[in-house]
Amino acid sequence: MNAPFHDPLLIALENEYLGLSTDLRVKGVMARTSTDLLNWSEPFSLLKETPASVKRHADTDGFWAPELVKRGDEWRLYLCASRFGTTQSVIGLAKAKNPKGPYEYAGDVVVSQHSRTFTQANAIDPCVCADRNGKDYLIYGSFFGGIRILPLNEEGFKTEFHEGKRIAGGNHRAIEGAYVWYHEASDKFILFTSWGDLNWDYHIRVGYADDITGPYTDSQDFEMTDLDPVHHPGDKISGGYNFDLPGIDGVKATGHNSLLHDKDGSVYIVNHARPEGVRTRPFLQIRRLFANKDGKLMVWPLEYDGEHIKSASELQENWKFVYQSRFNNGVVYGISKSLTETNAAREGDEITLSLFKKDWKGYVYAQGSVTAMTLISDDGEALWGIQE
């Protein structure tokens, strides 16, 4: 399960899964395959060679944070390369008829130059999402100029000669790894962003919009472009945690996510994370993603282990809860509480409770022998519980 992945993207194919990630040990865009999401093949490259324009601009054979989408009978691989710590970066596009390649480079999509002001958009971390009419947009960017969005033409290249509209971050806020998903049930576009230091306090926040170009707002009605340091915009749905329970290891720096849409209709949030207290290579995390009736997202606290989630039987009294406060982005430790202390009320798979001076709504399920719950507050903070 703990395969080394960084900036992961997983695609469900007919008989297997294709996993893409950042890994500078492998020239070209690195990929692996799996039949069960637990065991992964040795890495292989999707590109035969580094495109000359990318090599010239970024001076590297390593690619970061790939994006892969299918349009018609064509697979489009968006890749990025950068001179680390600068905005000397490029997002390019390669195409193939087979998702595993070989890919032919079609050209540069966005190129950014290094600037000492660190205020311009940085051409890294591409994501492609279509609006309700099927028109594609490129979402990209990082700390420097924030997260941007640009319209694409039918061939997958940008149609406007500027950096795009800023939809999150800016002014060197610690934000990157943007991902946009259209949630059909709520008719909302959802912007995922990763904040903080990727080695220590990386965490995931989301904003919601009626239009793909924004504005994206959180449950407190703060726009994701809000630069007030007090506001901390974005609903915090995942961060570091340690339930202090046997068999569940402490985890830090959960971030740079994408979504896996599985063949059975399940949706999983896919991100990398690191073991608590260890500065080591990141591993792949796959967890179920739920949305409530209002379209607000909740991450399942247990990693995918091959077991299907099912309705829980009668709940026991003793639980460990992890409160994902947006003001504490390190590893949060579990606190023991009995359900009688939380005024819990359950109806089927739905559950409400009061804890930490807040009211929470969410879901309770069993995964294998473990019963857990995931909830969200009205102001957009996550709460996870595991039955002791």
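## A buried asparagine

The N271 side chain makes a polar contact with the side chain of R287, at 3.1 Å. This is a predicted model. N271 sits in strand β19, which covers residues 267-275.

N271 has 0% relative accessibility, so it counts as buried; the cut-off for buried is under 20%. Leaving out residues up to four places away in sequence, N271 touches P8, I204, T254, G255, H256, N257, F283, L284, Q285 and R287.

In soluble globular proteins, nonpolar side chains tend to be buried together. Here the largest nonpolar core has 53 residues. Those with the most contacts inside this core are I139, W181, F192, Y216 and L289.

Take L289 in the largest core. Neighbours within four places in sequence aside, L289 is in contact with W181, F192, L259, V267, Y268, I269, L297, M298 and V299.

## A four-stranded open sheet

Four strands form an open sheet in the order β5-β6-β7-β8, and the pairing is antiparallel. The edges are β5 (64-71) and β8 (104-112). Each has a single partner strand, so one side of each is left without a neighbour in the sheet. From one strand to the next, the twist averages 20 degrees.

Strand β6 spans residues 74-82 and strand β7 spans residues 89-96. These two pair in the antiparallel sense over 8 bridges. L79 stands opposite G92 in β7.

Methods:
Residues numbered from 1 in each chain as written. Predicted model: local features only at pLDDT ≥ 70, side-chain atom pairs only at ≥ 80, totals over all residues. Heavy atoms only, no water. Pairing = 2+ DSSP bridges. Axes fitted to C-alpha atoms, helices over the stretch in contact; angles between N-to-C directions. Buried < 20%, exposed > 50% of the residue type's maximum accessible area, 1.4 Å probe, protein only. Polar contact = N/O pair within 3.5 Å; in protein donor to acceptor, adjacent residues only side chain to side chain. Contact = heavy atoms within 4.5 Å. Core = buried A, V, L, I, M, F, W, Y, C linked by side-chain atoms within 4.5 Å.
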